Amino acid sequence: MTETALTAAGSKSQQAYEAVKARIVGGTYTPGYRLVLAVIAKDLGVSVVPVREAIRRLEAEGLVKFERNVGATVAGIDPTEYLYTMQTLSIVEGAATALSAPLIGAADVARARAVNAEMRECLEHFDPVRFTQLNQDFHSVLFEHCPNPHILGLVHSGWNRLASLRSSTFRFVPGRAHNSVDEHESLLRLIESGADADAIEKAARLHRSATLDAYLAQAQPLQ
């Protein structure tokens, strides 16, 4: 296969991956939805090969699972996995945010505040999928300057694990979204004021764990 052909194949695989992932995160493909390769390939206008590769990547990320006699399906919400992932993310993202703080400039704060303003506007006609994306954009500004690549890698891994759940989380606890926006502003003020690392890390951790607490409180009657 020529280099051009390899590039084209890789490009189609990436396109298929992004398309299927967007449909899972956006709720078009709901938990338990059967992912028929031929149908998806026809819909996307590609062969089955790049779709198969995309499904394998999504399986590795925990968004897709394979069942005997069924095939590939969209993974459902595993309360235990959600609990562990959120607990871990609260720790590593808190650390990453604290380490990033001294490197966050005025332009970064302004960008984060602009995203938070969009999130506040989003509350008026609540769109949980858009709110979730904006939420990730906001936090990315705060932790991406983290100088420790190992901690940053763990943060990215946690967000990837939550990808299929985050679109649903704010659907379950929409009231949490209002508090989340207010807490974002408090975090920005701490960073602007030059607060010490411990204070910033604690605020970031509590912010993350509050979303988990709200979800667990809502889910409790169902258990």
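Reply: Axes here are lines fitted to C-alpha atoms, for helices over the stretch in contact, and angles run from 0 to 180 degrees between N-to-C directions. Helices (H or I, at least four residues) and strands (E, at least two) are DSSP runs, numbered from the N terminus. This is a predicted model, where local features need pLDDT of at least 70, side-chain atom pairs count only at pLDDT 80 or more, and totals for chains, interfaces and linings use all residues. Residues are numbered from 1 along each chain as its sequence is written, and side-chain values use heavy atoms, with hydrogens and water left out.

Start with α5 (residues 106-122). Among the elements of the chain, α5 has the highest mean pLDDT (the predictor's confidence in each residue, from 0 to 100), at 96. Its partner is α6 (residues 128-143). The two pack at an angle of about 165°, and their axes lie 9 Å apart. That makes them roughly antiparallel (over 145 degrees; under 35 is roughly parallel, 65 to 115 roughly perpendicular, the rest oblique).

Which residues of α5 and α6 make the contact (heavy atoms within 4.5 Å)? On α5 they include Arg111, Val115 and Met119. On α6, Phe131, Leu134 and Phe138 are among them. By class, nine residues are nonpolar (Ala, Val, Leu, Ile, Met, Phe, Trp, Tyr, Cys and Pro), two polar (the others, Gly among them) and five charged (Asp, Glu, Lys and Arg).

Helix α6 also meets α4 (residues 79-100). Here the angle is about 55°, with the axes 7 Å apart. α4 and α6 are therefore oblique to each other. Glu93, Ala96, Thr97 and Ser100 of α4 touch His139, Leu142 and Phe143 of α6. This contact has three nonpolar, three polar and one charged residues.

Another pair is α2 (residues 37-44) with α3 (residues 48-60). Their angle is about 115°, and the axes are 9 Å apart. They are therefore roughly perpendicular to each other. α2 passes α3 in a right-handed crossing. Leu37, Ala38, Ile40 and Ala41 of α2 contact Val48, Val51, Arg52 and Ile55 of α3. Seven of these residues are nonpolar, none polar and one charged.

A word on confidence. The chain averages a pLDDT of 86, and 88% of its residues score at least 70. Over residues 1-8, though, the pLDDT is below 50. Where pLDDT is low, the predicted coordinates should not be read in detail.

Definitions and conventions:
Contact means heavy atoms within 4.5 Å. A crossing is left-handed if the near helix is turned anticlockwise from the far one by less than a right angle, and right-handed if clockwise.
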